[in-house]
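Please walk through this protein from its overall layout to a single side chain. The structure is shown first, and the explanation comes after it.

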Amino acid sequence: MFTRRKHNRSGTISVVVVDKSGGGFKEIHRVGIAHSEEEAAALEAEGRHWIATYGGQQLIDFEGRADKELRTAENVLSSITSTRLSAAQTIIGKVYDSIGFDEIEDEELRHLVIGRICQPMSKKATVDYLCRHFKDDVSLQKIYRYMDKLNNTQKDRVQEISVRHTQTLFGGNIGILFYDVTTLYFETTDKDELRNNGFSKDGKNANPQVVLGLLVSRGGYPLSYALFNGAQFEGYTMIPIVDDYSALQPRE
């Protein structure tokens, strides 16, 4: 948008705001009529002010403003950037709390869950994401150690909260369950009590793997999961995970 002068037959000057879009010019605001050059210049200044105020074009004169005004503009831009980066954490954090996971007083779990949803990448990339956006003091080794902590001390509590939330969604009666398994392989030849060679769904039969079983409700809400030795036949994994799920049910 810009201001334009129109010379009238009466000798006056009309100052208008013009928008060029779609290959044509369109008058969108009439500023006023001037009877002299000075009045026309004043109306043009008024028109530019109208554009800046109502047209969405905000001008920052970094050379003409006082230091205080410059600092104010920088603070506004910084605030916008900060809000954009923390919006995902705020929104997903609210959902995290509404499900009930805030009962687990562990900020590491919260940050890892939010990071995984926002950027579903590798653990190393998750570290970079958390450090870059939320300035968390994390490291790759810290995340690996936390995986052991999650499995050893918090797995049952996480599953209990998930089951309770899903029951609430379905009015207390989940009804039907779905179960499936997958395999996760490792880029190594080392084996242990969990990692072992077996039938690989990824075609990586030469690599040790684990078998992951997941129990979900209608709509795919997770209820329970378990890891099995990589050589375990998947048909033998369903009864143990159903038993684990039954143990999570409230007793009357």
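Predicted model: local features only at pLDDT ≥ 70, side-chain atom pairs only at ≥ 80, totals over all residues.

The protein contains 6 helices and 6 strands. Followed along the sequence, these elements come in the order β-β-β-α-α-α-α-α-β-β-β-α. Of the 252 residues, 29% count as buried. Among contacts in the protein with a separation of 6 or more, 46% are between residues 24 or more positions apart.

The next topic is the pair H3 and H5. Helix H3 covers residues 107-118 and helix H5 covers residues 140-169. Their axes come within 11 Å and cross at roughly 105 degrees. Angles of 65 to 115 degrees count as roughly perpendicular, and H3 and H5 are therefore roughly perpendicular to each other. On the H3 side, the contact is made by Glu108, Leu109 and Leu112. On the H5 side, these meet Lys142, Ile143, Tyr146, Met147, Lys149, Leu150, Gln154 and Val158. By type, the residues of this contact divide into 7 nonpolar, 1 polar and 3 charged.

Lys149 is one of the H5 residues that meet H3. How exposed is Lys149? Its relative accessible area is 35%. Buried means under 20% and exposed means over 50%, so Lys149 counts as partly exposed. Apart from its neighbours within four places in sequence, Lys149 is in contact with Asp106, Glu108 and Gln154. Of these, Glu108 belongs to the H3 side of the helix contact, and Gln154 to the H5 side.

The last topic is the largest pocket. Its volume is about 2,000 Å³. The pocket is lined by 44 residues, and those closest to its centre are Arg116, Met147, Leu150, Leu212 and Tyr225. Met147 and Leu150 also take part in the contact of H5 with H3.

Which elements each supply at least two residues of the lining? They are helix H2 (67-99), H3, helix H4 (123-134), H5, strand E5 (209-217) and strand E6 (222-229). H5 gives the most, with 14 residues. The lining as a whole divides into 27 nonpolar, 9 polar and 8 charged residues.

Taken together, H5 links these topics: this helix crosses H3, holds Lys149 and gives the most residues to the lining of the largest pocket.

How values were computed:
Residues numbered from 1 in each chain as written. Heavy atoms only, no water. Axes fitted to C-alpha atoms, helices over the stretch in contact; angles between N-to-C directions. Helix = DSSP H or I, 4+ residues; strand = E, 2+ residues; numbered from the N terminus. Parallel < 35°, antiparallel > 145°, perpendicular 65-115°, else oblique. Contact = heavy atoms within 4.5 Å. Nonpolar A, V, L, I, M, F, W, Y, C, P; charged D, E, K, R; others polar. 1 Å grid on protein atoms, 1.4 Å probe; cavity = no way out; pocket = protein on both sides within 12 Å on 5 of 7 lines; lining within 4 Å. Points joined across faces, edges and corners; volume = space filled by probe spheres on them. Buried < 20%, exposed > 50% of the residue type's maximum accessible area, 1.4 Å probe, protein only.
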